[in-house]
Amino acid sequence: MRLSGGGAGGEASQSALGNLRVGSSTSPTSNSEPARGPRPGEALALRWSDIDLDSTPARMTFSGTIIRIKGKGLIRQEWTKTDSGYRTVVLPQFVIDTLRRVKAEAVANELDLVFPNRDGGIWDPHNFNRLWRQARGEKFAWVTPKTFRKTVASLIAEQYGPQAAAQQLGHANDSVTKRHYIDQPTEAPDFTAALGGLAR
């Protein structure tokens, strides 16, 4: 998979993804995140009840997010950041395989979380980001969770258009998606009439 952002070539992008996948606490999330494009809070709020691996095609619904409330700490909010963030996405095979492995080794937790912390509670996004930075190392410091969201948006937009990419990312329309997430060159206006004079 080509990772968008960072100005690096395809080989470096593949290595960055592999660096996150192998031997890291973030491996299950980084294995499945590139093909889904969730916000970090949405990924950490996923419950097994939100996922149907046996349907054809397999699907996942983003129905909440992780937030911090002063005086209470972390909670799983029962709705997404925006109304359009409440969405169901179809899963490719490598994500299905990863989630099946995670489920086979999972220990039940009170919130039914797919990616809980070591104690079975909510995984603090700050701790996740810290582990992410450790896993990627300095060589791939440009790889962030947003890098994966940009990659998902760019790949989908290339084949299905920007509105489809916006739906996958949970944006209300494609304006934000096109401005901040789709990796495409800026198209300059047609100045050939003026430039034609150079041939004289």
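Which residue forms a salt bridge with Arg 39, and how far apart are the closest N and O atoms? Select Glu 42, the partner of Arg 39, where the closest N and O atoms are 2.8 Å apart; a salt bridge here is a side-chain nitrogen of Lys or Arg within 4 Å of a carboxyl oxygen of Asp or Glu. Glu 42 is buried at 1% relative accessible area, and Arg 39 is buried at 13% (buried means under 20% relative accessible area, exposed over 50%, partly exposed in between, with a 1.4 Å probe and protein chains only).

This is a predicted model, in which local features need pLDDT of at least 70 and side-chain atom pairs count only at pLDDT 80 or more, while totals for chains, interfaces and linings use all residues. Residues are numbered from 1 along each chain as its sequence is written, and side-chain values use heavy atoms, with hydrogens and water left out.

Next, select Asp 50 and Arg 76, a salt bridge whose closest N and O atoms lie 3.6 Å apart. The two are 26 residues apart, with Asp 50 in the loop between α3 (40-44) and β1 and Arg 76 in strand β4 (residues 73-77); helices (H or I, at least four residues) and strands (E, at least two) are DSSP runs, numbered from the N terminus.

Finally, move to Arg 68 and Asp 124, whose closest N and O atoms are 2.8 Å apart in another salt bridge. Arg 68 is partly exposed at 45% relative accessible area, whereas Asp 124 is buried at 15%.
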